[in-house]
Amino acid sequence: MEIVAGVHRIEDLNGSNAVLLTGEQMAVVDTGVPGNGEAIVSYIKGIGRDPADLRWILLTHLHHDHSGSAAELHELTGAKIVAHEAETVRSADGRLLLRKGNEGESIPIWYRWMFGRRGRRRPASTQFHDTEVHETVAEGDVLPCLGGIRIIHAPGHTPGSICPLLQGPNVLFLGDSVLNNVDRLSRPLMWDRSRRRRLDASLRSLRDLEADVALFGHGPPLMEEVMDKVRGMTDRPYDLPTWRIVMRNRRTLRQFQESSRRPGHWQGGPRT
Ligand SMILES: [Zn+2]
């Protein structure tokens, strides 16, 4: 589905959203979980483009539900995998790889008790395959695609999370730093207050941007009053003790727990 000219949300993938940018040279932002490579290639062919013109596979962050098909899409098209340096690690044999795993947070028992959240096991990071990163990006870099993709470093969700801004059509990619799948924009519920503080600072630094469309790692695009909504979200307190965050947001958190029990619902995690 073309959201705005040149910006396609590739439907029917598993995991996160994946977005194709059809400049002369093309880019894909995020890929979903493993197994989406062929579907992304056939989408590219379906709009009459040559998969060999895909130049960048840009990852908003390392998480497996976003990066899972990057390696296979690289195999299929030759496109370079691009991520922020803080998402990478050097392997023993000198290759630059995407770091693996989550940030090692576990859900407090009192939270499980309060919200009846069943223990959902995350796959161990050893189960993830290696993903080689071919190019790293940093704050202020611009990839020459569709008027320029400007890289904004937004640490918090992960140390190397980025919010790419597509400068031509003013489209802001918020990755998992902001979610749009409850009834308002929300931030991931992270148990470590220092991580919340970091994300809060990152999101506040976005307040003065101009964006007409916001895209998210999970959930539909936002096409109206984008920056008003982002600013409204950052007006709500986030740098608070965990119990206060949970109490203030218990209605939204309950709503999330309800919806996550429905089959086929992808969880980006609870959010506030
Ligand atoms: Zn994530």
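Visitor: Which residues of helix α6 (residues 226-235) are called buried?

Guide: They are Val226, Val230 and Thr234. A residue is buried if 20 or more other C-beta atoms, placed from the backbone, lie within 10 Å of its own, exposed if 12 or fewer, and partly exposed in between. This is a predicted model, in which local features need pLDDT of at least 70, side-chain atom pairs count only at pLDDT 80 or more, and totals for chains, interfaces and linings use all residues. Residues are numbered from 1 along each chain as its sequence is written. Helices (H or I, at least four residues) and strands (E, at least two) are DSSP runs, numbered from the N terminus.

Visitor: What do the buried residues of α6 pack against?

Guide: They pack against α5 (193-204) and β14 (213-215); contact requires C-beta atoms, placed from the backbone, within 7 Å.

Visitor: What makes β1 (2-4) and β9 (135-137) edge strands?

Guide: Seven strands form an open sheet of mixed pairing, in the order β1-β2-β3-β4-β5-β6-β9. Strands pair if DSSP finds at least two bridges between them, and β1 and β9 each pair on one side only.

Visitor: How many bridges join β6 (residues 80-84) to β9?

Guide: Three bridges join these parallel strands, and Val82 stands opposite Glu135 in β9.

Conventions:
Two residues are in contact if their C-beta atoms, placed from the backbone, lie within 7 Å.
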